Amino acid sequence: MATPELPRVAVRKRGLSGSSWEPWLYLLPGLLIFTLFVVVPVLGTVAISFANWNGIAWSTAAFTGVDNYITAVTDSLFWGAFWNNLVLIPYFVILPAILGLIPATVVHQMGVRGAAAFRAGLFLPYIMPGVLIGVVWRWLLNPVFGPVNAVLERLGLPTPSWLGDFTLALPAVGMIGAWAAYGFCFVIFLAGMQKIQPDLYEAARLDGANPFQEFTAVTLPGLRREIAVVLSVNLINALRAFDVIRATTDGGPGRETEVVALYMIDTAFGAKQVGYGASIAVLLAVTTLVLSLLVLRLFGERDG
Amino acid sequence: MDRRRFITVTGGGAAGLALGGSLRAGPAFAAQGTTLEFWDTLNAETRLQVIEQLATSFGEQAGVTVQHRGWTLDELSSTLPRSVDSNQAPDIAQVNNGEALAGPMIRAGRLVSLAPYASQYGWDQQLPPALQARNMFNEDGTVFGEGQLWGVSIEAEIVGFYRNKSRFEENGVEVPTTFAELETAMQTLLDGGVTPLVFGNSDGWTAIHLFGNILGTMVSREYLDGLVYRSGDMSFEDDAMVNAATKFREWVDRGFLQEGFSGITSDDAAALFQAGEGAMLMQGSWQLPAVLEGLGESAGFFLTPPAEGGGTATPAATPSGAATPVAAATASVLHVGGVGIPYSIITGAQDPDVAAEFINSLISDEAVNTLLDAGVLAAAEVPADKIQAATVTGELYSAWNEALAGDAIGHYLDWASPTMYDTITAELQRLLAGETDPQAFAATLQQDYAQSFTA
């Protein structure tokens, strides 16, 4: 695991006078909350995933071992949903990183007036609740009374039913996801760029580098850690994508935009197969953990 | 956002009695001091007002503190089971019919059988057997549609066509009396530049209703009841299912449905129709107050017309693998509809007798009149004096009476299995977009149906 680069603060070693339980006292409130709201539910989910349970009364649950996991790996709907998650990765991970990198470079290398307002504006989508983003985009893309198609119609362009079309729905949802995430990438990248020593740029310029070369030779290598953070956070968001999709297409049309998290919720609470839903949740969590560790390993540690 | 209101109606009667007044004859039990909490999905506007009015009225008469909490259906369905586990359950709640929630709740011992109260209050006579069956399960909750009563519905539901009278008149279209006339009417409207059927299906469920009503012109009650109650080995892979799917697809191809319907929701469609767009909207009786508010006197209502005799509505499709032979019921239609989500008594209710008394008050003549006056279709025959000719309310009420008398109320197909809602909404979207054909559509539904109870 990569640790975020924190300033090294001299830690004063406690003498014998300091009692050994004192640090734990400070940790206690956080530990309690963490245990209550993270550890217990996670263990509960894992336990339920080994049972056949409809969610009504725990006394009616039957232990079924790994049956739910066997069901999952042979369930074509589960794999279909997982495939959709994979298709969303370029939209949720790569695209917002590129979209965030461009304005960050512009602001940093050229110095834009009113950068603070610019930064806040770009960051806004990221702090908007996913459901709100979904509702806003559903309206924007509404084929009957939405503004996007109204403009397209005026320009004499085709006016598809973006979120209801079997070919366009998944890319459309992906673009909404990219829009929601690129502000975050922008802010992280900009912060990273401001940390790069200015004399590196000066040296590059003295060597006759043009702005593009400055970018590839100085900026990008200096952003390795930020890239790791952005990619892993985006990847986690891609795999657990739920709220934006719930609020725009709800997995439709057909099952074109159904992702694992949606399938999990519908299985557990719609079809009342809580045990099976829990096993999907566990599989999703493990996959997310493994893939994000992989990304951190690829981009993070090397010059640590 | 007023999705979840919590009101407390304290019985004024209790205070009255404490002052020594004996103004009204209370019920035959000592209810004073009892608190009755009930949860339902009547959470906004008209319905919320009506239920609060009825609750207040009961609270005053019985000297009971009545607490009401209105939820959305999703919230209620996911919260109720867990509230029982943590001893925070209400005394009464709306428990969704069949396998949606009632079956699992009964099997877990969470509901009180209403059998004794049914005979005491005559609830078994409230509705015809075909409708009562939707609130029935056997004793251990394993067989749906028969046995004893576990819930009582106060609302009824029927799905049909709301129409904009102005659009009809402008295009010289009359209310169709046969399925063929309906299609001719839609063609005339389309030729006149009017969207015949306002429709939004990005959320999926309105297609179940539209498909269900087309299917309702092609099937018998034995088939449809058998499918939903799982008796008699009925199959989704059936001629009628394929023919209805073919017809639905044909409507899309002929341009009868709202353009861009796959990208707008049912709410969008209703809002468009209520704002004067298009000529017709297929929706349930629950939409009546909103349609009335939007279109007022220019709104009308009619039920899906029958195919009339020789099955003119049925196209010459030749499906393969039709499993069950089904008599074509062409002279009558089984309309999508049924009873509203029934009120059940939750195990552990403080005083089940008071709870039953309250439920009974919700289907009293007084309650029925209160509902009907508010434009809410009550689960009863509508009295003649509540039917005003040439109004959308009057047309809907008399259509309901006609369907009730003719035993012509069909089913929601998604009740057939716990996963059917997801399957049929996805498959109908695929069907309408041409991503699947009618045969494959029927086969996929059958696959879900066959799988769901083998485990």
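Residues are numbered from 1 along each chain as its sequence is written, and chains are lettered from A, with ligands numbered from 1, in the order in which they are written. Because the model is predicted, local features need pLDDT of at least 70 and side-chain atom pairs count only at pLDDT 80 or more, whereas totals for chains, interfaces and linings use all residues.

Chain B comprises 18 helices and 12 strands; these are DSSP runs numbered from the N terminus, helices being H or I with at least four residues and strands E with at least two. Of the 455 residues in chain B, 55% are buried, that is, 20 or more other C-beta atoms, placed from the backbone, lie within 10 Å of the residue's own. Among contacts in chain B with a separation of 6 or more, 79% join residues 24 or more positions apart; a contact requires C-beta atoms, placed from the backbone, within 7 Å of each other.

Two packed helices are described by the angle between their axes and the distance between the axes. Here the axes are lines fitted to C-alpha atoms over the stretch in contact, and angles run from 0 to 180 degrees between N-to-C directions. In chain B, the axes of helix H2 (residues 45-62) and helix H15 (residues 365-373) come within 10 Å and cross at roughly 160°. This angle makes H2(B) roughly antiparallel to H15(B), a term applied to angles over 145 degrees. The crossing is right-handed, the near helix being turned clockwise from the far one by less than a right angle. H2(B) contributes B:Val50, B:Gln53 and B:Leu54 to the contact, and H15(B) contributes B:Ala367, B:Thr370 and B:Leu371. These residues divide into 4 nonpolar, 2 polar and no charged, where Ala, Val, Leu, Ile, Met, Phe, Trp, Tyr, Cys and Pro count as nonpolar, Asp, Glu, Lys and Arg as charged, and the others, Gly among them, as polar.

In chain A, the axes of helix H1 (residues 22-48) and helix H13 (residues 274-299) come within 7 Å and cross at roughly 120°. H1(A) and H13(A) are therefore oblique to each other. On the H1(A) side, A:Thr45, A:Val46 and A:Ile48 meet A:Val274, A:Gly275, A:Ala278, A:Ala281 and A:Val282 of H13(A). By class, this contact holds 6 nonpolar, 2 polar and no charged residues.

Helix H12 (residues 260-270) of chain A is mostly covered, with 8 of its 11 residues buried. The elements covering the buried residues of H12(A) include H3 (76-111), H11 (243-248) and H13 of chain A, together with H17 of chain B. After H12(A) comes A:Lys272, with a positive phi near 60°.

Buried residues of H11(B) include B:Asp239, B:Met241, B:Lys247 and B:Phe248. Their cover includes H9 (205-216), H17 and H18 (438-452) of chain B. B:Gly255, which follows H11(B), has a positive phi near 80°.

The contact between the chains takes 26 residues from chain B and 27 residues from chain A. On the chain B side, H3 (73-85), H4 (102-107), H12 (266-274) and H17 (420-432) each supply at least two residues. The largest share of this side, 5 residues, comes from H17(B). By class, the chain B side has 10 nonpolar, 8 polar and 8 charged residues.

Definitions and conventions
Parallel < 35°, antiparallel > 145°, perpendicular 65-115°, else oblique. Contact = placed C-beta atoms within 7 Å. Buried ≥ 20, exposed ≤ 12 C-beta atoms within 10 Å, placed from the backbone.
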